[in-house]
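Hello,

Here is the structure I promised to pass on. Please open it alongside this note, and my findings follow below.

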Amino acid sequence: MPSIRKWLDRDRMTFLAPLLLMLVFPVLGYLYKAFNQPTDQVYSLVTSFDEATPFLKVFALPYSIWIVYIYICLIYFFFKDRTSYYRGILLYTLCALSCYMIYSMFQTTVPRPEVLGNDVFSQLMRYVYHRDQPFNCFPSIHCFSSYLMIRLLSASPIRNKVNRVLIYGMSTTIIASTLFVKQHVLWDVIGAVTLVEVMYLLVVVVLPRTVGARARQRGLDA
């Protein structure tokens, strides 16, 4: 009982309260369902690179644990670098909403191969295909969120050899998995990385400078 009261004391609850911001994920997930269907015109961005990329069912595993990985990264940033945590929540939300807008106007699809066999990876691959329709491809949410973790760590004071290997390695594996399971194509990856870089530039670089310049100007005018 004393240990429970210790965890529920006011100071600890206040410290942990910002984790509630992660409730935005189920809200965004609910919105995603409204766009995960074909529109009047569906486009294909398949290139010769994508046609030459092999279908590897084993990559269904990193593809499937993607959202758990994103949660773990954000919780890690929460305890180690609160600024990166807040940036991550904000940038993920803005990028996801931007993707939804693009999906509503420019819906793309990716042709899926037939999944043969009854091994564990074949079954997992069928589950992935059943759960996620072959739409909402450009830009890739899997890719932008995974690349966002790389981007956040690259500018974080907590970066070190260990977390770089883990986060860079896992993010890259998830991004590659979207191509190997034929859920996305190369342009989906490029679009995702570009989206993160644009949002990062606007939110982390341009906006603070603009607000700071206006604040300094008001100080001079006062």
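A helix here is a DSSP run of H or I, at least four residues long, and helices are numbered from the N terminus. On that numbering, N136 sits in the loop between α8 and α9. Please keep in mind that this is a predicted model.

Start with N136. Its phi is positive, about 55°, although the residue is not a glycine. Most residues other than glycine have a negative phi, and most peptide bonds are trans. Is N136 buried or exposed? N136 has a relative accessible area of 2%. Buried means under 20%, so N136 counts as buried.

P139 belongs to the loop between α8 (120-131) and α9. The peptide bond from F138 to P139 is cis, and its omega is near -5°.

**Helix α9**

S140 caps the N-terminal end of α9. One of its side-chain oxygens lies 3.3 Å from the backbone nitrogen of H142. The helix itself covers residues 141-154, which makes 14 residues. From first C-alpha to last, α9 reaches 20 Å. That is close to the 20 Å expected at 1.5 Å a residue. α9 is mostly covered, with 13 of its 14 residues buried.

**T53 and K182**

These two residues belong together. T53 is in the loop between α4 (48-52) and α5 (60-64). K182 is in the loop between α10 (161-180) and α11 (186-221). What does T53 contact, leaving aside its neighbours within four places in sequence? The partners are L179, F180 and K182.

T53 has a relative accessible area of 11%, so T53 is buried. K182 is buried too, at 14%. K182 also has a positive phi, about 60°, and is not a glycine.

**Helices α6 and α7**

Last, a helix pair. α6 spans residues 66-80 and α7 spans residues 82-105. Their axes come within 5 Å. They cross at roughly 145°.

Which residues make the contact?

- From α6: W66, I67, L74, F77, F78 and K80.
- From α7: R82, S84, Y85, G88, I89 and Y92.

By type, the residues of this contact divide into eight nonpolar, two polar and two charged.

Best wishes

Definitions and conventions. Residues numbered from 1 in each chain as written. Predicted model: local features only at pLDDT ≥ 70, side-chain atom pairs only at ≥ 80, totals over all residues. Heavy atoms only, no water. Axes fitted to C-alpha atoms, helices over the stretch in contact; angles between N-to-C directions. Helix = DSSP H or I, 4+ residues; strand = E, 2+ residues; numbered from the N terminus. Contact = heavy atoms within 4.5 Å. Nonpolar A, V, L, I, M, F, W, Y, C, P; charged D, E, K, R; others polar. Expected span 1.5 Å × (residues − 1). Buried < 20%, exposed > 50% of the residue type's maximum accessible area, 1.4 Å probe, protein only. Polar contact = N/O pair within 3.5 Å; in protein donor to acceptor, adjacent residues only side chain to side chain.
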